[in-house]
Amino acid sequence: MSLVTRYAQKAMEKIAPLRLAEKWDNVGLLLETPVPRPNATRVLLTIDLTPSVLEEALEPSTALVVSYHPTIFRPLSSLTLSNPLQASLLKLAAAGVSVYSPHTALDSVHGGINDWLAQCAGVPENSTLSDHSFDVRRGRVGRLLSLQDPVSIEELVGRIKKHLHVEYVDVGRPVLPRRVSTIAICAGSGGSVLGGFDADVYFTGEMAHHEVQAAVAAGRYVILCGHTNTERGYLPLLASKLSSAFAAFASEDESQEGSESLGSLSTTSGSSVALTEKEKETLKNVQVFVSKADRHPLERM
């Protein structure tokens, strides 16, 4: 495993601990290349590993792709070039690039995607955020935002569109219009998380037809923004966090001997091995990029 991939794993575990991922999820290092590129210092962030993103990832400087959505989710009975995603994984492995996925760990963690989504729904000084009803012990994948001052659905939709940089959202309206003060939030596909939860608004990426109908019939507004539109805007923040982590690894005070610190890795015996100066220089040169090719798969015509 390359130095960059090892320390990217260590950084991601601090940013979004894998223990916070849902039990059904498949997270962590999903593809480890057997031929890591010795001089690659580039980490590429994306929501999905599409053929267009693959072309970016195959650039010679790339060591690791952090794909928010798992590139391997269900058990594989084969790996062939006839399947586009499997072909991408095979090409990356052969080219010396590994793949890591945080998925629901990044949704659940405090300061993660769901907290970022909550920022667009309410202003910090006049709102409160909780995840208690979604199981606070594990972070969980949803948030409940309570506004001190109720707002119209038009005002809330305007805030969301501005924050997500989208021109359109889909809105389900109950029979009796009203101002809203409680917003249940879930990145991506939120139907199974939000369903039945007591809030004025369900704010997510997508829900099934009958889930929307049930929510509206129960007197709730539903705001659907497109699955990946509720996730992609977080990638620049993740890039900043990863860059800071690599910088911390590279510049750690060498006087911290005898303790497991940022710039060290534990051996199988439990002892810590400090970075060499050459390794610190490598980590100092790591660059974290957000994919330019990654985009929502649907467009409105």
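These legends accompany close-up views of a predicted model.

**View 1. The largest nonpolar core and the residues at its centre of contacts.** In this view we look at a core of 60 residues, the largest nonpolar one in the model. Val43, Leu156, Phe203, Ile223 and Phe246 have the most contacts inside this core. Helix α9 (residues 235-251) supplies the largest share, 8 residues. Both domain 1 (3-106 + 232-253 + 277-290) and domain 2 (110-228) take part, each giving at least three residues to this core. As background, nonpolar side chains in soluble globular proteins tend to be buried together.

**View 2. Val43 and the residues it touches.** Leaving aside residues up to four places away in sequence, Val43 touches Val4, Leu64, Val66, Leu242 and Phe246, as well as Val286, Gln287, Val288 and Phe289. Phe246 also belongs, with Val43, to the residues that have the most contacts inside the largest nonpolar core.

View 3. A search of the whole structure turns up 4 aromatic pairs. One of them joins Trp24 and Phe73 edge-to-face, with 6.1 Å centre to centre and 70 degrees between the planes. Trp24 lies in the loop between α1 (3-15) and β1 (28-31), while Phe73 lies in the loop between β3 (62-67) and α3 (84-95), so the partners of this pair are 49 residues apart. Phe73 counts as partly exposed because its relative accessibility is 38%. Trp116 and Tyr234 also form an edge-to-face pair, here with 6.4 Å centre to centre and 70 degrees between the planes. This pair brings together helix α5 (residues 113-121), which holds Trp116, and the loop between β10 (221-224) and α9, which holds Tyr234; the two residues are 118 apart in the chain. Trp116 is buried, with a relative accessible area of 6%, and Tyr234 is buried as well, at 1%.

**View 4. An aromatic cluster, and a charge over a ring.** Tyr7, Phe246 and Phe249 make up one aromatic cluster. Elsewhere in the view, Arg42 places its charged end over the ring of Phe289, 4.7 Å from the ring centre. Phe289 is also among the residues that Val43 touches.

View 5. How many disulfides does the structure hold? The count is 0. For Cys225, the nearest cysteine sulfur is that of Cys120, 7.3 Å away. Cys225 is in no disulfide because that distance is not within the 2.5 Å cut-off. Cys225 counts as buried, at 5% relative accessibility, and Cys186 is buried too, with a relative accessible area of 4%.

Terms used:
Residues are numbered from 1 along each chain as its sequence is written. This is a predicted model: local features need pLDDT of at least 70, side-chain atom pairs count only at pLDDT 80 or more; totals for chains, interfaces and linings use all residues. Side-chain values use heavy atoms; hydrogens and water are left out. A nonpolar core is a set of buried Ala, Val, Leu, Ile, Met, Phe, Trp, Tyr and Cys residues joined through side-chain atoms within 4.5 Å. Buried means under 20% relative accessible area, exposed over 50%, partly exposed in between (1.4 Å probe, protein chains only). Helices (H or I, at least four residues) and strands (E, at least two) are DSSP runs, numbered from the N terminus. Domain bounds come from an automatic or database domain assignment. Contact means heavy atoms within 4.5 Å. Rings of Phe, Tyr and Trp (its six-membered ring) pair if their centres lie within 6.5 Å; planes under 30 degrees apart count as stacked, over 60 as edge-to-face and the rest as tilted. A charge sits over a ring if NZ of Lys or CZ of Arg is within 6 Å of the ring centre and within 35 degrees of the ring normal.
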